[in-house]
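Trainee: Please take me through this entry one feature at a time, giving the general rule before the case in hand.

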Amino acid sequence: CKAGLALNPGTGVEDIDYLLDMVDLVCVMTVNPGFGGQKFIHSQIEKVKKLRAMIGDRPIHIEIDGGVTPETAPLVVDAGADVLVAGSAVFKGGSVDNPAPYGENIRAIRTAATHLQAA
């Protein structure tokens, strides 16, 4: 069993400092929870950077949930995230009868997110 925390966009990273030694993952919500397809909140990139600095060398993952697309994935990975949750961007353009776009969308996000590691 692993432990995790989720931070809404309005919650500061300072609020969880005392909990970091007890968790395996911190999920940074980059949209306000409630429904899919929302726009990515760019101010959360700075939150991810601060969180990565606070974590230091502890084995804690930073997960991003909300608005993950090929455009936003490299921004959050560069800031220190290592787990990305994508919903609407994966299912865009596909259907039960035409599932091929799902794989293409996943590959586009993965390629965008990993370009930094190859550079």
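Mentor: Let us begin with residue classes: Ala, Val, Leu, Ile, Met, Phe, Trp, Tyr, Cys and Pro count as nonpolar, Asp, Glu, Lys and Arg as charged, and the others, Gly among them, as polar. The model is predicted, so local features need pLDDT of at least 70 and side-chain atom pairs count only at pLDDT 80 or more, while totals for chains, interfaces and linings use all residues. Residues are numbered from 1 along each chain as its sequence is written, and side-chain values use heavy atoms, with hydrogens and water left out.

Trainee: How do the residues of the lining of the largest pocket divide by class?

Mentor: A pocket is an open set of points on a 1 Å grid over the protein atoms alone, where a 1.4 Å probe fits and protein lies on both sides within 12 Å along at least five of seven lines; lining residues have an atom within 4 Å of a point. The volume is the space filled by probe spheres set on the points, which are joined across faces, edges and corners. Here the largest pocket holds about 410 Å³, and 27 residues line it, those closest to its centre being G67, V68, T69, S88 and A89. Its lining comprises 11 nonpolar, 12 polar and 4 charged residues. Helices (H or I, at least four residues) and strands (E, at least two) are DSSP runs numbered from the N terminus, and on that basis α3 and α4 each supply at least two residues of this lining.

Trainee: Which residues line the second largest pocket, and what is the volume of that pocket?

Mentor: The second largest pocket has a volume of about 200 Å³, and its lining is made up of V68, L84, A86, V90, I106, I109, R110, A113 and T114. Of these, 7 are nonpolar, 1 is polar and 1 is charged. Helix α4 makes the greatest contribution, with 5 residues.

Trainee: Which strands run parallel to β2?

Mentor: Two strands pair if DSSP finds at least two bridges between them. Strand β1 (residues 4-7) is joined in parallel to β2 by 4 bridges, with A6 partnered by C27. On from there, β2 (residues 25-29) runs parallel to β3 (residues 61-65) through 5 bridges, and V26 stands opposite I62. The chain passes from β2 to β3 by way of helix α1 (residues 44-55) in a right-handed β-α-β crossover, a handedness given when, with the strands pointing away from the viewer, the path from the first strand over the helix to the second runs clockwise. Strand β3 in turn pairs in the parallel sense with β4 (residues 83-85) over 3 bridges, where E63 is set opposite V83. Helix α2 (residues 73-79) lies between these two strands in a further right-handed β-α-β unit.

Trainee: Why is β2 described as largely enclosed?

Mentor: Accessibility is read as buried under 20% relative accessible area, exposed over 50% and partly exposed in between, with a 1.4 Å probe and protein chains only. In β2, 4 of the 5 residues are buried, so the strand is largely enclosed by the rest of the structure. L5, in β1, is partly exposed at 22%, and E46, in α1, is likewise partly exposed at 42%.

Trainee: How far apart in space are G93 and N105?

Mentor: G93, an exposed residue at 59%, lies in the loop between α3 and α4, and its C-alpha is 8.9 Å from that of N105, 12 residues away in sequence. E46 and G34 are also 12 residues apart in sequence, but their C-alpha atoms are 22 Å apart. For L5 and Y102, 97 residues apart along the chain, the C-alpha separation is 29 Å.
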